[in-house]
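Please examine the sequence and the structure before reading on.

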Amino acid sequence: MMKMMKMVIVSLLIGIVLGSCTNTSQKTTDPIEEKVQTLIGQMTFEEKLGQLVQTNYHGEPEDWKEQLAEGKIGSFLNLSSVEYANEVQRIVVEESRLGIPLLVGRDVIHGFNTVFPIPLGMASSWSPELAEGAMKIAAREASANGINWTFAPMIDVSWDPRWGRIAETCGEDPYLTSVLGAAMVKGYQGTDPSEEGRIAACAKHFVGYGMSEAGRDYNTTYIPEALLRNVHLRPFKAAADAGCLTFMSAFNDLNGVPTSGNYFTLRTILRDEWKYDGMVVSDWASIQQQIVHGYTETETDAAEKSIKAGVDMEMASRCYDNLPALLEAGKIDVALINESVANILRIKFKLGLFNNPYTDVTLKDKVILTDENLDYARKVARGSMVLLKNEKQTLPLNKTSKVALIGPMTNAPHDQMGTWVFDGDEKNSITPLTSFTDVLGKNLNYAIGLEYSRDKSKAGFAKAIAAAKKSDVIVLLVGEESGLSGEANSRAIIDLPGIQSELLRELNQLNKPLVLVVMAGRPLGIGADIELADAVLYAWHPGTMAGPALTDLIFGDYSPSGKLPITFVKGAGQIPFYYYRKNTGKPTDPERMTYIDDIPRNSKQLSLGFTSMHIDYGITPLYPFGYGMTYTTFEYGDVKLSSKELTKNGELKATCTLTNTGNTKAEEIVQLYVRDLFGSLTRPIKELKGFQKVELAPGESKELTFTITAKDLEFYNGEEYLTEAGDFNLWIAKDSDSGEFVSFAFVNE
Ligand code: NOJ
């Protein structure tokens, strides 16, 4: 504690000195920078190297005492006990020479004790407010457990539902991901990350990891620079602009250079172009894996590549132990080490750790799993579910109906939480079975049918059919167990696992209204399954409050409001399929698709019109990006533009009146798309440029206005970022595949 007092006094003195300098020539000096440089000036080379080390925590604080007291560790990951966190902080603060506190990092991805929907689910809410609010709660719960840094948000853009980590993304679109990622950063960090309850965020994985070939995790990526800049880098720029304190370099080899030693992305773009002054941590052993990639021969070479590229902290592996040898050999300069140390210390100061490295151990009982947190999780889960189909207004159900509740996801407290749940306890999960029982009481006929998603035994089918027979309506909950998505859990077949489709087929034979609810970590290829249901609600993995959120929607207390943040393909063979694809030189008119069975036998070079399509799947997805229904109907009025021309410094306003033409109050996510008709590089057929979420009562109308500037239309053409003069189409629509366009021109003057 003495050491801690000393640090506080030193900080205060520095503060006073700097305060008195405010009106002098040092006016622009940043007080944190002063502290960082002063501290670096006091550090030995070994102490500097210690700051670059992030070690996986295990055992007791005592096991680490020597290394901590010698200043050999800058950060722990996977430490999640407030008592241990306080003790390791005490050791560094009181027993090490300079008392530099530790960064305690953990994967707090979609909640801590209170588990929110998986990020892909959260993204379906298209709500930066909900995303920010959820992460604020996650940060508060985590920080009460001694954690001061999360490895989130994950803002990789991906087009590939085979990739298990699609669950962690905000989907396929760079704009939506940018908006939501920035909101999550704000949720974790607030405006002042040193406030109680805030933690540092980490934008990951820099960069291009979402393009892992064939959706196979950790696989190679090839991304041309224009695609990298127009799609994959955009969310990271937004996170940097939102003040995200840290970035994580990725696992993937990008165009032949592993991303954790990639000078171009980490140094040229992140540091030189963007002037990012946060800290970069490697992903787990990704510095060392440069050897496995076949990029560097030794750990020394790996360390050289990464430190030069600007990876400040090494997670898990110890290649940076070779930095002294590199220094001695004249391959690196001590200034490079100082820069990384400065980047790390800056975060520690910004988090206020020097002033208060400890956590009040009584806090966690006050802030975790509170009613407020759980209510919020219910609200976010409700907002994340997407109604895909609702024939004959099957939904909402009447609370007095006799309902058969069936399926492996009905009572799966662990699986409903989804991937990346280290601290959520299934004991706190409220399952659909509990919530349906609460609503229906004796009118509920329950039979699980299949024990878990991959269960291949038909032993439970008879009971499920019997339950269905005595009910007015069937609600079947299928999906994927949480362990089938997430890191390393990529699938080549993206159908419903096991024999769930068979159970669905048998229930469909009963000719009763059938509601299919899917809880999964990826957009599954459920085209054939959907045909067998009257209504389909896609719930992703909704988290702790899956049950109440589901019954809120199923029984009509709320209307579904989620929309898809990713295209649903008909089957894996259609991948990649994303809405901002290029037109090609031979596009297919979706109205005039011809299929495999239309090809005459012994046909010569017939080729059905020579257009770009699959002869089995055609050219339309199962559901387009942005798609989602609700219990009411919305009518979109004609789009009006304030002008037919947008100038370089001007603004264009696009307006449209939205009317709730149904009988239910509901929210609608209104989307703005643009197409740049001609470019010096070919342009996508549509790009999302804005969205608004509006709630309207039956009969209510609202005029919605979107503002477009030249900056919104900018793209990278291989040489520079620019907005090119020419014609554009614009849509205000309910999804990426709807609406009529209006046109305008951008004039570069
Ligand atoms: C590897 C994962 O790729 C990354 O997302 C995660 O944050 C780290 N491991 C730490 O657990």
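## The ligand and its surroundings

In this predicted model, the residues that surround the ligand are Leu 77, Asp 107, Phe 151, Arg 165, Lys 204, His 205, Met 248, Phe 251, Asp 283, Met 315, Trp 420 and Glu 487. By class, this shell consists of six nonpolar, one polar and five charged residues.

| Residue | Distance from a polar side-chain atom to an oxygen atom of the ligand |
|---|---|
| Arg 165 | 2.6 Å |
| Lys 204 | 2.8 Å |

On its own, the ligand has 300 Å² of accessible area, and the protein covers 95% of it.

## Domains and their contact

The domain assignment divides the chain into domain 1 (1–42), domain 2 (52–350) and domain 3 (634–747). Taken over C-alpha atoms, the centres of domain 1 and domain 2 are 27 Å apart. Domain 1 contributes 12 residues to the contact, and domain 2 contributes 14 residues.

Between domain 1 and domain 2, an area of about 1200 Å² is buried, and carbon and sulfur atoms account for 69% of that area. Two residue pairs are in polar contact across this interface, both at pLDDT 80 or more.

How many salt bridges are counted between domain 1 and domain 2? The count is one salt bridge. Arg 346 forms a salt bridge with Glu 33, and their closest N and O atoms are 2.9 Å apart.

Key:
Residues are numbered from 1 along each chain as its sequence is written. This is a predicted model: local features need pLDDT of at least 70, side-chain atom pairs count only at pLDDT 80 or more; totals for chains, interfaces and linings use all residues. Side-chain values use heavy atoms; hydrogens and water are left out. A residue is near a molecule or strand if one of its heavy atoms lies within 4 Å of it. A polar contact is a pair of N or O atoms within 3.5 Å; within protein, one must be able to donate a hydrogen and the other to accept it, and residues adjacent in sequence count only if both atoms are side-chain atoms. Accessible areas come from the Shrake-Rupley method with a 1.4 Å probe; for residues, only the protein chains shown count as cover. Ala, Val, Leu, Ile, Met, Phe, Trp, Tyr, Cys and Pro count as nonpolar, Asp, Glu, Lys and Arg as charged, and the others, Gly among them, as polar. Domain bounds come from an automatic or database domain assignment. Contact means heavy atoms within 4.5 Å. Buried area is the accessible area (1.4 Å probe) that two parts lose on being put together, summed over both. A salt bridge is a side-chain nitrogen of Lys or Arg within 4 Å of a carboxyl oxygen of Asp or Glu.
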